[in-house]
Structure formats: C-alpha cells, structure tokens
Amino acid sequence: MTAVLLARGLAKSFGAVVAAADLDLELRANEIHAVIGPNGAGKTTLLGLLAGELRPDAGRIVLAGRDITPLPVHARAALGLGRTFQVSSVLPSFTVLENVAIAVQARAGSSFRFLRAAETDESLNGPARSSLDKVGLGALADRPASTLAHGERRLLELAMALVQRPRVLLLDEPLAGVAPAEAEQLLALLESLRSEMGILLVEHDMDAVFRLADRVTVLVHGRVIASGAPAEVRRDPAVRSAYLGEDDEGAFDDRTDQLRVTGRASFRR
Amino acid sequence: MDPLLLLVQLLNGVQLGLLLFLVAAGLTLVFGILDVINLAHGVLYMVGAYAAAVVLVRSGHFALAVLAGPLVALGAGLALDRLVLRFVYDRDHLDQVLATFGVLIFVNELVRVLFGPAALPFPLPAGFEWSVRLPGGATYPAWRLAIIAAGAILAFLLFWVLTRTRAGMLVRAAATDPAMLEMLGVDVRRLFLLVLGAGAALAGFAGAMAGPIVAVQPGMGDQILILAFVVIVTGGTGSVQGALLGSLLVGLADTLGRSFLTDMLRLALPPAAANEVGPALASMLIYLVMAGVLLARPRGLMPVRRAAR
Amino acid sequence: MTARPRQRSRPAARAEAILASAVFTAIAALLVIADFLDQPFYLKLLTRALVLALAALALDLAVGIAGLVSLGHAAFLGVGAYVIGISAEHGMTNGWVQWPLAVAAAASAALVVGGLSLRTRGVQFIMITLAFGQMFFYLANSLSRYGGDDGLTIWTRSQFGTWLSLSDRRTLAWLSLSILLAAYLFLRKLRWSRFGRVLRAAKENERRMAALGFAVGRFRLVAFVISGALTGLAGVLLANLTEFVAPAYLSWHRSGELLAMVVLGGLGTLHGAVLGAFVFVLLEEVLARLTTHWALLFGPFLVLVVLAGRGGLVGLVQRIDAPR
C-alpha cells in the first residue's frame, strides 16, 4: 500500500525543549494509524507540524506524493488534509448546519460570491445535511453550535471534516471527555471511515487505540521508540518500560498516571 | 553633503530617537503584558510637558520643573487606570481604542481650556543657553546634548532594571508568557500597574525634557504617540530592545530624511522635481521604513519570542 | 463592543429590516422637512451626515463584519476627496471620469495599506493602519502645488451633463441618500453571502477556518479594499459638498470618529453605522452650539458609550423591543 501522508526527519524544538527529533511517520491510505505516548511526548506538536500550524526546523512532509512542507495550513487543507482539534473548534454562533455548510463551501465552488444568500444555498446545505445525518446530528441541525454538549461538538467537528472528503484525517484525542455511550457511536463511525481515507489518531484511551488501529507508533520525548502492528508494539520492551518502567525523572504529570493505568490494563488483556 | 551638518543631524536624530524611546518603552511593555492598546499614552507626554512648563514659570527652578513632569504624569497615568483603563482590560481592542480615544480628545480640550490654544513659553534653563563646540567647528546646543545624555542614562537604567532585578525579570516574563506568571502566583494586574506607572513617568519626563525644543501646545502628544507606534511596530511589540532599535531608526530616518533627501534627489532628478518630491518623500520616509520592515519581518525587527503553547 | 450578528432567524431578520427602513425613512423625512422649510444650512448638515454615514457604513464592513479594526480609514476618505480636488484643479471635472478614478485610487490605497497591515493582527494592525493613515496625511500636507496644509478650493463640482447638477443642494442631498441606500443594500447582501459568511466565521474562529482550507487573509484583504473603495466614494461626495479639500480630511481624529460612529450605532449591524453617524453629527452640532469646547463633553460621552452601551443604539432598541 502507498503512503498517503509521509513525514521524513521532522525536527522541532522550542528553546531547549525538543518536541520532535528526526521523526519519521507513514500513513497509508485506508488505515487507522494511532500515535500514542506519554504527555509531553510531542504528539500535539506532531499534529501541528503535519497540519502546517508549526514550521519544522528540519524534515519534510509529503501528502499524496506532493511535498507540502512549505505550504500554509489552508493550502494543506485544500489538498485534502482534514483535522479535528484537541479542544473542539467550531463556530459557536453559527447553526450546526451552517458550520458544516461552511466546510462544504471551502471545497465547492468559489467563496468570492458577494450577493446570493449563502444560508439558503441548497448546493451547500444538501451535502451538509447528509454529513450531519451520518454522524447522528441531523436532528440538531438548526441549533446554534454554542448550545451543543461536549460530545456533540466532537461529532460536529467530525461532520465538518468528513464532508470535505479528505484524503487524510488528523484526529487529536477525539474521545477525550466523551461519555461512554457516545464514545461507542464515535468508534463505530471511525471504523466505517477506514475505507474512505487514511486516519491519523492521537488518543489516550488505550482500549480504543488497540481496538481501532491497524498500526501504532509510540512517541517519547519527540522520538519514535516503536512502530508497527498493535500486537508487536504491545510486546515491545522499550514501550513497556516507557509506560510501565520506574518513575523516570517525574517528567510525566498526573494525566500520565491515568494513562499508565489504562495502558497497563490494556497490555494485560 | 556637508560633513558638519551631517554630524549635527546625526546628533539630532539620536536625540529624537531617545525621546521617542522614553515614550515607546512604557507603551510597548503595556502591549506586551496585557495586550492593551492605550491611545492616551501620548497625553501623558503632553501632561509632563505642561506640568514642567507651569512649574518652571511659577517657581523658576528648572530642576523642580523636570521633576514635576514625570510626577504629574505618573499621577495622571494612575488616574487613567482607575477611571478608564481598568474597565477595558478584558474588553476587545476596539473598546480600548475608543475609550482611550475619548480620554485623549477630552484631555486635549481640557488643556486648551486651561492654558489656551497657543504654545506655552518654556525657556531654556539657566546654564543651558550655550552651545557645545563639536570637532570640526560646528556648534550644538547643550540642552540637546543633555537630552541625549538623560535618554541614554535612562535607557541604560531601564535595561538594568529589566535584566537585573526581580521585578524587571517578572516584567519580561510577563511579556513572554502572562499565563505562566499567573500560575506562579504573580499578581499580573499589579505588575501591569507598575509598568503603566513607570511608562507614564518616562513619558512625562520625555515631555519635560522636550519642552524647551518643541511647542508645548494642546495635541502635542498625538504626534509623538503615532511615532511611538511606528517605533513599536518596527521594533517588535513588547520588546524593549526592539523599541530602542526602532526609536533610533525612526529618529535618524526622520531627521536625516528631512535634511538630506531633497539634496540627494537633486542628483537624480531635475531640481524643480526634487524640490517637490523631496519634502513629500521625507515626511513619508519613516512610514516607508516601517512598510519595508513589515514586508521582510512582519513581527518587527526584534520580536519577543512568545512561549510555545 | 460585541453585538455579534447571531444566526439570522426569521423574526430577527424582519426586526432588522423594520429598523433599517425606519432609519432610512427618518432620514428621507428630515431631508424633505429641511427642504420644505427652505433651510439650506440644515440640508447641508444632513448631507454631511449622509456622507459620513457612507464612510461609517464602509468601515463597519471592515470592523464589524470582518473584524479588522482600522484606525486609518480617513486616509481613504481623503484620497477620494483629493482625486476630485486635483482633477478639478487640472480642469477635469467630468464626473463620469472623476468618480471612478477617485474610487479606484481609494481602492488601490486600501489594497496597499491592507496588504501590509494584514501581515499582522490585533494591536499591531490598529497601530499600522493608524501609521499609514498618518502617512497619507503628511503626503497631502506636502502637496504644495495643491495647497499644502491650506487645502484646495474646488471651483467646479463634478459634471454629469445636463440632467444632474450637483450645484443644486437638493440634488446632492438626494443623490447622497441614494448612494448610501444602494451601498447599504449591497453590504447587507454581502454580509449574508458566501463571502460575508467566510468573513463572519473567520472573525469568530480563524484557526478553524484555516483548517477548513480558507485563505482567510485573502478574504479579509478583499473586504478591506471594498471598504476602502466605498470610503473613497464618501470622500468624493464630501469634496463635492464642501467644494474644498484639505489635509484635515485625513486627520486620524476623523478615523477615530468614524469608529465611534460605528460603535455608537451598533457594531456589525450596518444600519447601526448609519444611525450612529447621524446621531454623531447631530450631537456634535448641538454640543458645538452649547460650547466651543464640545470635546470636553464628547470625550467622556464616548468613554461612557464604550463602558455602558453594549451593542450600541441598535442593541438598545433590540433590548427595549424584546425584554427577556
């Protein structure tokens, strides 16, 4: 299978803090590739580099055969790089439907149209509605996005990303703070997307990671310490020591402890 | 180009630059720490100049007058915070612009009512009416040299405070990452008040020092405010080093441009055209410099390195 | 001030239309009355308010809809006015040539200023627009051939053939109202169009819009240029009204006053800018009769408007209209 998103030798430092060091990553079409690692491992930095919000100090990024390293965020998005944010990022004062319609608008035709009302534009609203139905938010289409519950916002973000039919979808902790029942729905949805795009998943919930992922990459201190099929990664001694080893220099905060517990639970199964 | 004139104009440029620095330093730190835009900062410069002029005429003591400038400006700055600024810290920039614009037109008019629209007399202090003989034979007013010396000393002091004292380090840290200071338990609000007060006093001092060489009249702060903005944009918002660099750049570009640009254009253009284009270009020069900096480095020459999220 | 234009529900859209119609009807009524009473002074005052309302309306596109706080819009007003003055000085008074030229010049100025200023944001954007505005002010000052800081008298108003004479005060007043109304209708369409939606959304969440693939800066630049062009058109009308141009037209205080009008009326509402401009001009007139030092009253008033009046006059009307 060919790589739809490829990172080679990515490096990024913030002063003395190394957030990415000679980082290689390959995302294939139609796979779910999970990136895990303790807090501060550089996962969010990696997403920032891939999406174009951060400039790498070194290395390059290739999307579907095209070097996108010098491109800004919006140009990468236009080439088919969709994403959701760690903290849901929607347009709160717009309706749910309009949030998705704007995503359609980014792809469909020109946005330099000055006179016709966008709100009643069926060429935008039609696809938006079917995307909302797909994530199960169809009934909430006319509500302002600001009134949505936390989990519903996550779904809305996903609907906005999906309606653009991206080649690659970057998901930053899609399950964080989502209630169990909703999480189940979300997982099923992600599973169904595998056939349409490559998904790069950053997630703390190890159960979800090992259930969904075709491959797993483990980051620690900005470096890849292991990458491969879930079963291999689970057995990898370096990974086990990174997650289960002694309290190394207290660099991990309490969220790491929580992760460590879930991690251990998953590994034992 | 006459080398003596060049020397004199270089000194004039440095002198203008250092005055600008005194005004811009406080302003840039206020932006840096609380992301607040304060159009009334130029008013403090005017208040300093008026306070000094009044004290000078009433008492005849120049030292007293130069002291009155920063003190009254400090009081005005704190009053400004009490009465207006503290209500708009959390508001968006538009609200800050309008509220401080309201203050600015009010104070300008108040000064006009109290002291009249004409410039206030501000004689050179006794002992400073002479000129210094420069190498080569030109002369230079002692008072302008005093401004250069005072500006340089204050700039040095300011950097010393910012890099060597605890309060100064907190101020610099606040300009880089205000949220982090809040977490460390530092009262950013008080720190801000400290910077605002210091900035007001510096601006007032600049007004007092500039008094004898500029026209002390209503609205005199507007001009310096806009120049300070150019300085800050050019140097990099929130950066005191940037403000110093930007001030000297703007001071020199403005002064040298006004005295030499027309002559230089004569080399390339017919005299009549040069006489017409020269002054126009000279008055726009600092803005063109700013545009050039924006094209090359949108965040200014010496931007503050913001902490990564 | 944050009277965010929320999603437009049907009743809200109707309320907006009613209020906007009320504003324009009231203006037209004032014109008719001033004309009927044969009061050329008031007719001129009202025309001045119409012209400034057009500038404020244009500024509302930049500030209220696109979120670009420009403190240099007086420059575009001045560019438009100066093109009329300078071309008239050279004997070119054909309005069909002058007006497009003036609007194009203002649009070009906005393109340059906007292109540079949009490389930054927030406080820097405000400072840079102010600084470039000031640059145009000094440029006007140094035009010694065109009066320098004394300004330039326009001996002949723009000519549009026999059927439209701007020398008639009434014609100029009604023409200004027509142009204001057309600009208002255009901007109202624009606000709810695809383009306007991108501007509003980017004001709310720029990061999200970039991640969706929008080159936000390009949209903002186009909005800034449209805003500058319309402000230039206001300058064209102003020059024809006063038969005079001077650097004072480009004063940064004028830019501040335009912002005040927009906020006073209700940011981002468009008809609010029109209302704000009229209230501002009439208030200025009343205060100036009370005292020559009217700024002593107006300064604190402005501070109070900012501190107290969320949503401006339009917001006030809405709150009275729909109490909880």
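**Close-up views of the chain contacts and the nonpolar core**

**View 1. Contact between chains B and C in the predicted model**. The contact draws 37 residues from chain B and 39 residues from chain C. On the chain B side, helix H3 (62-88), helix H4 (93-115), helix H9 (220-235) and helix H11 (271-296) each contribute at least two residues. H4(B) provides the largest share of this side, 14 residues. By residue class, the side of chain B that touches chain C comprises 28 nonpolar, four polar and five charged residues.

**View 2. Contact between chains A and C**. Here 30 residues of chain A meet 23 residues of chain C. Two or more residues of the chain A side come from each of helix H2 (73-78) and helix H3 (96-107) of chain A. The largest share, six residues, belongs to H3(A). The side of chain A that touches chain C consists of 18 nonpolar, six polar and six charged residues.

**View 3. The largest nonpolar core**. This core contains 315 residues, and those with the most contacts inside it are C:Ala53, C:Leu54, C:Leu57 and C:Ala131. Helix H2 (residues 40-65) of chain C gives the most to the core, namely 17 residues. Because domain 1 (3-89 + 166-268) and domain 2 (91-147) of chain A both give residues to the core, it lies between them.

**View 4. Surroundings of C:Ala53**. C:Ala53 is one of the residues with the most contacts inside the largest nonpolar core. Leaving aside residues up to four places away in sequence, C:Ala53 touches C:Leu180, C:Ala273, C:Val274, C:Ala277 and C:Phe278.

Terms used: Residues numbered from 1 in each chain as written. Chains lettered and ligands numbered in written order. Predicted model: local features only at pLDDT ≥ 70, side-chain atom pairs only at ≥ 80, totals over all residues. Contact = placed C-beta atoms within 7 Å. Helix = DSSP H or I, 4+ residues; strand = E, 2+ residues; numbered from the N terminus. Nonpolar A, V, L, I, M, F, W, Y, C, P; charged D, E, K, R; others polar. Core = buried A, V, L, I, M, F, W, Y, C linked by C-beta atoms within 7 Å. Buried ≥ 20, exposed ≤ 12 C-beta atoms within 10 Å, placed from the backbone. Domains from an automatic or database assignment.
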